[in-house]
Every structure is written in C-alpha cells, then in structure tokens.
Amino acid sequence: MMQAAAEAWNRQDYQRSIDTLEKASRLDPANAGVQLDLGRAYGMRYDYASAEKCFEKAVRIAPNKPDMLAMAGLQCRSFSRYEMARHYFERAIESPGASPDTFVKLAELYERFHFLKEASELVNRALQLDGTCAMALLARARLDRSTGSPQEGERLLRPLLSQSDPNSWSTRIRGWYELGAILDRQGRYDEAMAAFLEAKALIRPNAGPHLASQRTAHQRLREAQSDISGAVLRRWSDAAQALGPPRPLALLGGHPRSGTTLLEQVLDSHPGIVSAEETPIFFETYLSLKRGLPQEALMLSVLESASPHVLQRAREDYFRSMECFLDNPMGDRLLIDKNPSLTGLVPALVRVFPEARILIALRDPRDVCLSCFMQPLPLNAVSSMFLGLDTTVDEYVSVMGLWKALAPRLQNPALEVRYEDVVEDLEGAARRVLQFLGVPWDECVLRFNEHARQKLVRSPTYADVTKPVFKGAVGRWRNYQKHLEPWMDKLAPFVEAFGYRA
C-alpha cells in the first residue's frame with residue numbers, strides 16, 4: 001500500500017495517494033512511520049491542520065519521542081511550514097535525549113526568524129553535548145561570519161574540513177561553501193574560489209543524472225522559444241474572456257540571484273499587495289495541464305490542448321492552493337507570485353492567466369552567474385548547473401534567452417527592473433513598479449527591511465533583506481574576473497541587451 005501511495009503521488013494523483021495512506025493507517029494504527037508519511041502528504045497539499053493531526057499521532061505512538069518530534073519538524077520544513085517546524089523542534093529539545101543535531105536544526109530555523117542570540121545559544125548547547133558535532137561547528141562558523149567575526153569562523157571550519165568521515169560529507173560540503181563566503185568577505189578572492197571548487201568537487205560525482213535532466217530542459221526551452229510565436233500569444237490573449245473574470249496577479253521572475261527577493265520584500269510591505277515566495281503551486285498547475293499527455297509533450301502542445309474548462313479549473317485550483325499556503329484570505333489585494341524558477345514557464349502562466357502582469361528582475365549577468373556559483377544549494381537539476389562556471393553561464397543563457405525572445409511577443413504588460421536601480425534609488429524604482437502594477441504609492445515600501453524582520457523569509461537571502469539597501473553586491477564579479485573571462489563572450493549579448501557596460 002505504501003508503494004501504491006508513492007506511485008499515485010508520482011502520477012500527480014494526490015488524493016488517491018492520501019486515501020491509500022489513510023487506509024494503511026487504519027490497518028496499522030500503531031505505525032508512526034505511516035502517520036509521518038501521511039502528515040507530509042497532507043502538508044504538501046496545503047492541508048496543514050490535517051498534517052499536524054498526523055504528526056501529533058505519530059509523536060504519541062512513537063517509542064522515541066525526541067526523534068519523532070525532530071522528524072515531524074523536518075517534514076514541516078520540507079513543505080516550507082517553518083513555524084510548525086519550529087514548534088516541533090522546540091518540543092524535541094525539551095525532551096530528554098535530544099541530539100545535538102536537533103539543537104542545530106532549531107538554531108537554523110531561529111536564524112530564519114532573525115533570533116540570532118537564541119540561535120547562538122542553541123548552537124552552544126549542541127557543542128556542550130558534543131564538541132565535535134560537525135553541524136554545530138558549521139552553524140557556529142556561519143553565525144560568527146554574520147555577526148562580524150569571520151576569522152573565528154575560519155578557525156572552527158579548518159579542522160572540520162580536514163576530516164574524511166563519510167557521515168560528515170554533506171556538512172563538509174556546506175563547510176567549504178561557508179569558508180568560501182568567509183574568505184570572500186575578507187577580500188581573499190582566490191582562496192575563496194578554491195574553497196568553492198572544493199565543495200563542488202565533493203558534489204560532482206552525484207550530479208550526472210541531474211545535469212542530463214537539465215540539458216533536456218534547456219532543449220525544451222529552446223523549442224518553446226521557437227514554437228510559441230507572437231501570433232500564438234495573441235490568440236491566447238484574445239481568448240481571455242472565456243476563462244472568467246480577471247484575477248489580480250503578477251509574476252515576479254528573472255534568473256535566480258537577480259534581486260527578486262529584495263524587490264518582493266519591498267512590494268510585500270505595501271498593504272494592497274500580498275506575496276507568495278517560491279512555492280511549487282504554479283508548477284503543479286502546469287503538471288495538471290500535462291495530465292494524460294506523453295511525458296515528452298512539448299510546452300506548446302500542452303498549452304494548446306488545454307480546454308477553457310481545464311484552464312478555468314487550473315485557475316481556481318491555483319488561487320485555492322495559494323490561499324491555503326498563505327493562510328490568509330487575499331481579498332482584492334494583488335498577488336505577487338515571486339519565483340525565479342517560473343521564468344521558463346512564462347508561456348504557461350500567460351496561457352492560464354492572460355491578465356497577469358510580468359515583472360522581471362534584472363542584474364548584471366556576470367554578478368548573477370558568480371552569485372549562483374557561490375550558493376550552497378541542495379543538489380537538483382538546476383543547481384547541478386552551478387557546479388561549474390561554464391555550466392552556470394549555460395543555465396543563464398538558457399533561461400534569460402527564452403525571456404529575451406518572448407518579451408517582445410508578449411501581450412501581457414511586462415516590466416524589467418534592474419537590481420542596480422533599486423539599490424541606487426529605492427523610491428524611484430518602487431514608484432515605477434507600483435505604477436506599473438496599478439497600485440497607489442505608499443511610504444511603507446521604503447521601510448521594507450522593518451517589515452521583513454516581522455515575517456519569515458524563505459529565500460536563501462533571508463538575512464540580507466532585513467537590512468537597509470546596500471550597494472556592496474554591485475559589480476562584485478570584478479573580484480573574480482579572471483575566473484569568468486573564458487565565458488564572457490557568451491554573456492556579452494545579455495550584458496548589452498540589459499544595458500550593462502562591458
């Protein structure tokens with residue numbers, strides 16, 4: 001039954017998967033693992049109340065309560081319910097026998113909630129339990145860097161990175177990335193690059209299937225770029241009335257590391273706007289349109305085959321899922337779906353939502369590629385491209401090449417916003433964006449960092465957006481110019497097209 005539930009989930013038959021897990025739970029009510037899987041399934045479908053009921057049952061029947069509380073916290077974190085995850089980890093550390101790793105996982109959550117003092121205390125407690133705990137040493141080094149003591153962070157990391165224990169493999173990868181960030185902060189750029197390369201050397205043996213998958217995705221983007229013409233987009237726009245009343249929606253896309261999080265936090269500070277940060281909801285919408293079609297079906301054929309009825313249902317499901325995810329009725333506020341990963345699905349977005357406005361964050365392509373290369377990301381198809389500067393540039397060219405080709409064909413209102421303009425003149429850039437979105441001016445957007453401190457930011461840049469605008473990341477690529485030089489010619493058309501100096 002567990003196998004059948006997993007297969008149903010992989011077919012996007014989510015309700016059948018949940019029903020099967022419910023039946024398994026009734027057949028084996030003392031199985032905490034089934035409850036954990038069932039709770040995760042509910043959470044992935046935005047039914048957080050049902051997820052919590054399952055996790056609570058798993059905790060009640062589990063023989064090892066601290067471990068089960070920590071596992072429930074991990075499951076909540078996997079579907080981005082960080083508040084719920086925090087609740088379980090806090091209970092776990094109060095239980096006798098909690099592991100050092102559990103203290104560190106809670107500390108990492110506290111960092112996201114901007115509780116740096118409390119996070120530091122938790123890391124210290126973990127090190128008191130086990131002074132060699134790799135996760136705790138890494139967290140201590142990261143906190144030292146963020147609080148202005150990078151030398152101390154480096155001192156802690158060096159012994160950790162010299163280990164060869166296979167159990168610390170993933171932590172050592174993150175440690176090399178952290179050391180790279182510390183060295184970069186100190187202006188030791190060649191040493192920083194060497195540290196990043198060490199991290200990537202540990203990951204690369206496992207990256208082959210992911211790289212192959214993303215190369216296929218690049219081919220699909222090239223086909224979409226060729227197939228989806230201005231005439232097709234006009235026809236979709238003309239059919240908008242058949243899909244029901246327009247919804248207040250804007251996509252905030254662009255390549256990752258282009259300033260989307262900064263711009264989203266500015267806009268989310270406005271009382272007439274609500275933002276959703278990097279959810280999988282529109283990906284699920286697109287997958288629902290593919291249901292019943294061959295796996296290799298091209299984007300154009302998927303979107304052309306969708307009937308008005310299917311598109312109407314997709315629109316309703318999207319907003320229903322968004323309201324569940326946000327746990328906040330949107331009313332007549334404008335929804336900003338901030339997700340750089342949706343840039344490659346702009347044709348699908350405008351097919352389902354012909355009324356949507358498109359905001360694309362731009363940043364100097366050289367800074368974007370360098371920043372992607374330096375990020376410690378979990379291994380997946382996209383992040384596998386960031387294991388080398390050459391493939392990082394390939395990823396940028398693929399995603400932004402599609403946008404550059406589609407932009408003049410779109411019927412939807414679209415606006416490009418440069419990161420450099422936002423940090424140079426926040427008010428001017430904010431006024432231009434709000435005018436484009438049809439939202440009145442509000443001074444709140446200039447205090448976005450205060451707003452960000454009062455909410456949880458899911459992006460990897462969660463620490464940066466709680467600070468006032470700073471210009472230190474502009475032109476950072478020049479510190480690594482010799483490493484980027486072999487691929488400058490590939491980036492040159494984008495540097496020029498987006499108005500940057502060679």
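## Inside the sheet

In β4, R357 is the bridge partner of A250. Strands β1 (residues 249-254) and β4 (residues 357-362) pair in the parallel sense over five bridges; strands (E, at least two residues) and helices (H or I, at least four) are DSSP runs numbered from the N terminus, and two strands pair if DSSP finds at least two bridges between them.

These strands belong to an open sheet of five with parallel pairing, in the order β2-β3-β1-β4-β5. At the edges stand β2 (273-277) and β5 (414-418), each with a single partner strand, so one side of each has no neighbour in the sheet.

## How the model was read

This is a predicted model, where local features need pLDDT of at least 70 and side-chain atom pairs count only at pLDDT 80 or more, while totals for chains, interfaces and linings use all residues. Residues are numbered from 1 along each chain as its sequence is written, and side-chain values use heavy atoms, leaving out hydrogens and water.

## A look at the cysteines

How many disulfides does the structure hold? There are zero, a disulfide being a pair of cysteine sulfur atoms within 2.5 Å. For C76, the closest cysteine sulfur is in C54, 11 Å away, which is too far for a bond.

Is C76 buried or exposed? C76 counts as buried, at 0% relative accessibility, whereas C444 is partly exposed with a relative accessible area of 26%. Here, buried means under 20% relative accessible area, exposed means over 50%, and partly exposed lies in between (1.4 Å probe, protein chains only).
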